[in-house]
Amino acid sequence: MITRLSRRALPAVAAAALLAACTSSGGSTDAASTAPTAAPGTASAAASSDPAAPTATPAPTPTPTVKPTGQADPALQAFYGQKLAWAACKDDPATTKTDESAVQCATLKVPLDYADPASGETLDVAVARIQAARPEQRTGSLLINPGGPGGTGVGMVQRGQKDYDGPLHDHFDVVGFDPRGVGGTSPVKCLDDKARDAWTTTDTPGADHGKLLADACQAKYAKLLPFVGTRNTARDMDVLRGALGDLKLNYLGLSYGTYLGSVYAEEFPDRTGRLVLDGASDRSTSLVQHNIEQYAGFERSFKLFAGECVTKSPCPLGKDPEAAPKKLADFLDGLKDKPLTTTDGRKVTATAAWNGVIDSLNDAQGYADLRTVLTMAMNQGKGDYLMALADGATGRDAKGGYKVSADAYTAVHCADTVMAPTEAELQAQLTELAAKAPLVTAHNPAAALFDPDCRSWPFRSAEKAHPIKAEGSAPIVVVGSTGDAATPYAWSEKLAGSLAQGVLLTREGEGHTAYGRSACIRDAVHSYLVDGTVPAAGTRCATDPAR
């Protein structure tokens, strides 16, 4: 929720009115506006008609001063100095296997607009932590982000309490937070559940499909949406670091969380402690190019799954590994004309089915389940389990409700990108997409190209696609998986290469992200986060046999 900040609570904010400057869209410093002066030479020009008039000396152009950023900014110091009031989290009765009250929760107050903290408008950021199991060995805090954008760090801590047992839990307070627009931090939910059902599953989206969502979001969240982007969330992370009492940020980010972590390193390189970025999301190119490369990764994994399927049982794709991918794609595309019907009357459209199948390609461990689901759909005409996969991909629960991550995904992406391709550019992009991912995008190439569709988004981003260098940072470990479809391995190579202090750690194997799939990767990550031991250049790890 956006709230108005009390001047009494943060007296330093009042002084910010004297600092008339806007934060820059990138880098670790912000440029200040210069004081207004007469244009150089104006007085001299005015007097030149009178030969006897004394020659005026042009007013010197003042040297621009650098506006202090982050903790050094007087207008932000009270935010950094706030004390978090920790208390037991509220238990969620819907999660019977997890007791959320075993985790501590708090609220962090941050400015809505870092360019104008004197406005007094703030956001309440939801935060959760698991305290270090061995306080005598405590190193500090470790912030985590599950990706998305739209993933909840609070939920990651609450529902994954056992995931951090061992070195991380021993040495760190493991801290999750909900980025702007997500979970407990001013959540963005633009469409009601019934409207989202239709919006998510339609096979005939129409020209105004993206505009429908954009208009709904603008109507409900016009004041918030310009400020939900990744750079503002990175600034929130630094305020959280200060409020936690840490001099440096230690961080583990997955998938989109790698972009958040790299933007943090760009914004605050001198505050980087030990950062691990697993499954790099490349933002050095446009979102459209990003999507083309990602769907090329899905195409590769789709063919791999279908080719392996014919060697297993059950498998509805026949015996020919070369023909299997096309047979599966034809079935899924055919649902546009002949959708399956679930027992509760829902239609399994081509769009819904493709969403479920592509999402399943992120985890090779689930390929056996995917084979069974497809066998029931293709051989028996039963669509319930295929629809369940689609629901998992779009965040729909068994009661028909949607997680807020669905709209947060769009809101954050559209705050981070500029998207206005010309007609010629669009045709070239569609041609490239068809060449690199013909099977997985033929049913709706525009939806793949514009994922999400930001063309009608009412707020233009100031961000520009660029390689992130983060000059002056500590070493940053980038973890890539050779068979990662969602974040192709080339992206991890590219990010590690662009960072001034990037170190690449490689997992050989299929599946999205590496930390949960390889003991070798976990050992290397733990050694860096706990002891500061940087992985040797060229280190490669295998996937665990069970994976």
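**A tour of the disulfides**

The structure holds 5 disulfides, a disulfide being a pair of cysteine sulfur atoms within 2.5 Å. This is a predicted model, in which local features need pLDDT of at least 70 and side-chain atom pairs count only at pLDDT 80 or more, while totals for chains, interfaces and linings use all residues. Residues are numbered from 1 along each chain as its sequence is written, and side-chain values use heavy atoms, with hydrogens and water left out.

Select C190 and C217, which a disulfide joins with an S to S distance of 2.0 Å. C190 sits in the loop between strand 8 (172–177) and helix 5 (193–201), whereas C217 belongs to helix 6 (residues 209–221), so that distant parts of the chain, 27 residues apart, are linked; helices (H or I, at least four residues) and strands (E, at least two) are DSSP runs, numbered from the N terminus. The link is right-handed, with 105° about the S-S bond, and C190 and C217 are buried, where buried means under 20% relative accessible area, exposed over 50%, and partly exposed in between (1.4 Å probe, protein chains only).

Then select C520 and C541, whose sulfur atoms lie 2.0 Å apart in a disulfide. C520 is in helix 19 (residues 519–531) and C541 in strand 15 (residues 540–542), so the pair ties together parts 21 residues apart in sequence. The torsion about this S-S bond is about -55°, and the disulfide is therefore left-handed. C520 is partly exposed, at 34% relative accessible area, while C541 is buried, at 3%.
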